[in-house]
Amino acid sequence: EKGSARVLVTGKNGNGKTALLAGIVASARVSGHIVLYMPDGDRLRRRGYYVEPCPHREKLYVLPEIAKELCAELLTSHGDDLKSLTADRTVMGEFMSDELVGKLFDRAAEAGESVDEDASVLSLDRIL
């Protein structure tokens with residue numbers, strides 16, 4: 001079983017912390033890892049003002065503006081990789097309303113994907 005390493009990078013402004021992190025992200029992506037990278041932590045301060053309670057998980061909150069940016073970044077960086085990863089209706093139902101899950105399948109069908117009424121799986125690029 002692999003564990004995850006945690007590294008804290010500190011230093012004064014201009015010492016290269018952001019460049020180091022960008023290099024680590026690039027290396028991981030070249031190695032085939034899917035990396036969600038949000039280099040500007042100030043986005044949370046600027047866009048974190050709009051928060052909604054999560055309808056599916058008690059005591060959790062949703063940051064829709066930041067989520068939208070992160071999904072766009074993930075699709076831009078890993079769109080082809082996400083086509084081979086899937087989620088089924090049951091898993092989606094744990095995080096989304098039945099109405100939203102239905103809309104995702106409808107949108108996939110409208111985009112020309114072969115989605116029948118009994119379809120239960122969508123690729124992650126379709127979900128995002």
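Begin with the second largest pocket, which holds about 180 Å³ of space (a pocket being an open set of points on a 1 Å grid over the protein atoms alone, where a 1.4 Å probe fits, with protein on both sides within 12 Å along at least five of seven lines; the volume is the space filled by probe spheres set on the points, which are joined across faces, edges and corners). This is a predicted model, in which local features need pLDDT of at least 70 and side-chain atom pairs count only at pLDDT 80 or more, while totals for linings use all residues. Residues are numbered from 1 along each chain, and side-chain values use heavy atoms, without hydrogens or water.

Select Ala5, Val7, Leu21, Ile24, Val25, Ala28 and Val35, which line this second largest pocket (each with an atom within 4 Å of a point).

Now select helix 5, where Val101, Leu104, Phe105 and Ala108 are buried (under 20% relative accessible area with a 1.4 Å probe, protein chains only; exposed means over 50% and partly exposed in between). The face turned away from the buried side of helix 5 carries the exposed residues Glu99 and Glu110. Finally, select Gly112, which follows helix 5 and has a positive phi, near 95°.

Terms used:
Helix = DSSP H or I, 4+ residues; strand = E, 2+ residues; numbered from the N terminus.
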